[in-house]
Amino acid sequence: MFDFYRVAACVPAVMVANTEYNTDMILEKMSEAYDYKASIIAFPELSVSGYSCQDLFFQDTLLEGVKKGLGRIIDSTADREEVVIVGAPLKISNRLYNTAFVILNTRVLGISVKTYIPNHHEFYEKRWFSSADSLSISSITFSELGIELATEIEDYELPIGNNIIYDINGDIKFAIEICEDLWAPVSPSNALALGGAELIVNISASNETIAKREYRKNLVKQQSASLLCDYLYVSAGSGESTQDLIFSGHSILAENGAVINENKDFIASDYLLIADMDLGKIRHDRMTSTTFADSVDRYRDEISKLTTLYVSDVTLPSSDGEYVLASKKPFIPGTKVKRIKRCNEIFEMQVGGLARRLSLTFSKPVVGVSGGMDSTLTLLVCAQALAKLGRDPSELVAITMPAFGTSDRTYNNSLALIRALGTEPVIIDIKDSCIQHLKDIGHDIETKDVTYENTQARERTQVLMDYANKVGGLVVGTGDLSELALGWCTYNGDQMSMYGVNGSIPKTLVRWMIDSVVENDIFPEAEEVLKDILDTPISPELLPPDEEGNITQKTEDKVGPYELHDFFIFYSLRYGYSPSKIYFLAKKAFKDDYSDEEILKWMKMYYSRFFSQQFKRSCMPDGVKVGSVSMSPRGDLRMPSDAAALIWMDELESL
């Protein structure tokens, strides 16, 4: 469902060279993985024999035991729809090969063979095993394997080598490499991924030394990122021989550079690691990556040497997505340390972009300050940009323009913040100008509709632009990513500026950007007012406050919770997910916060406004991209302003 497939990395207990015991443990773990409804079940390198057999690999007794074990494993898959991958030594033409048997419903689909055979201070595999490159055959009959099954079968031919892609009914394409293959400068998985494999399974027996776990994890993450794939890594557990080395049973699933799941124990054995892959992410990124496509073209000769085994008579069970990670706040790191680090980096990018623009234009930054979070962040960026350029803070032109909806709290916070940053506020009350304008167009001032509201927004823009002309300034915009996606900004009003520093920062991240400024004590004189601004409700303040001067107009009451909209924005624009898939993920992520009906209501609001408001984004000001999602018509979002939302809305209506 929705391109989700479940994988199981199985690390069974092992007894070196005891093939019967090892087979028992493998069968036990297979049964457990079935209970978890895994589609791909992978075991470590040489798991039937044990990795540490050394010269015992030359013993016929061991190799016969491996065949018997493989026969039992193959027999056990009768009438099953899951793929099982087990490691085993295999003798062909008087050479031994380190292999992975790929088994499905009492059939060996293929045998993938290890390419790079280590021979160094820890591993001396070349004493026993030959490389896949030395194979003189590309296929083998099942009868030639010498594996006996409980029931008689008709003989068949299966591929063998390091170049096999397994395509299960077009639902999923995967390939296998073995341990050291990942460490090679050019690994087999490079060509396999370019040839279409979306999942790379690495069955391994990597030993543990100080700092190796982190190094290995980074290798897996990087390989999944550069190949735009899911990468499942499963390694031999601590039951392996401890004669000279310790094995840790390290297992990881990485998806395009992100770790989806990893076993927690440093030294482990006898466990399952369960994770759900989201192949929709992989397919979207490969479709949009011209670099990936160009790489396919460049290495067409290598790809032509691959063998794709297509299995059409089985449909792998798709996952219900139970183990899919769907963060409520996909733009925001989960820990405080990571969050502050990211916010610091974004702040530096904002400052760097603006500083360059100010130095090129020889201008002063001009900002309209409302006392809300967006204008606060813009003001902080401007102040820091001036500091970076070694210019006086008084060059910051901060204009506050109270009108009908301005509350005492936001007005006073604006003044306090501006002064704390080392400059004096420019106070321009626009009420009289707005009243005159409403009279000019014949609008009753008591009719507090969109005309009444937008008059204030457009008047503020006029003041900012004209004042910038007066002082040799450049208007720096305050609008954020969420407002731009929803079109929750007045056209030719607060949507307009000469440079926008918040354009790719979602609303849910803006508050943490300000919080990180406080945490890092960048503007210590402004700490108290910044904390109060963070505590202020989000509001356009275009309708009058109540009798006590409190804000009456709260944005999220009208347009919906920004945490939901930022979730919708991320998954619709970053990965191109359908409304149905986003709805599914949102229900998982926000099950304790919103009803299904509320989520659907605000999804309809998002899609409706996203399509209808593109014209406001088509003329966005310059501004640096800081994350994976941006609304700039010159980069991330090239979308017609008259596109129809019909098929998206129809899908939402069917939910």
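**Exercise 1.** Which residue takes a positive phi in the hairpin of β8 and β9?

*Solution.* Start with the model: it is predicted, local features need pLDDT of at least 70, side-chain atom pairs count only at pLDDT 80 or more, and totals for chains, interfaces and linings use all residues. Residues are numbered from 1 along each chain as its sequence is written, and side-chain values use heavy atoms, without hydrogens and water. Strands are DSSP runs of E, at least two residues, and helices are runs of H or I, at least four residues, numbered from the N terminus. Now find the hairpin: three residues lie between β8 and β9. N169 takes the positive phi, near 60°.

**Exercise 2.** Find the partners of β8.

*Solution.* Two strands pair if DSSP finds at least two bridges between them. Step one: β8 and β9 are antiparallel, with four bridges. Here I165 faces A175 of β9. Step two: β8 and β15 run parallel and share five bridges. T307 in β15 is the bridge partner of I164.

**Exercise 3.** Is strand β8 enclosed or open?

*Solution.* Buried means under 20% relative accessible area, exposed over 50%, partly exposed in between (1.4 Å probe, protein chains only). Five of the five residues of β8 (164–168) are buried, so the strand is largely enclosed by the rest of the structure. I164, Y166 and I168 point one way; I165 and D167 point the other. In a regular strand, side chains alternate between the two faces of the sheet.

**Exercise 4.** Which strands stand at the edges of the sheet?

*Solution.* Write the order: β13-β12-β11-β10-β9-β8-β15, an open sheet of seven strands with mixed pairing. β13 (258–262) and β15 (307–311) each have a single partner strand, so one side of each lacks a neighbour in the sheet.
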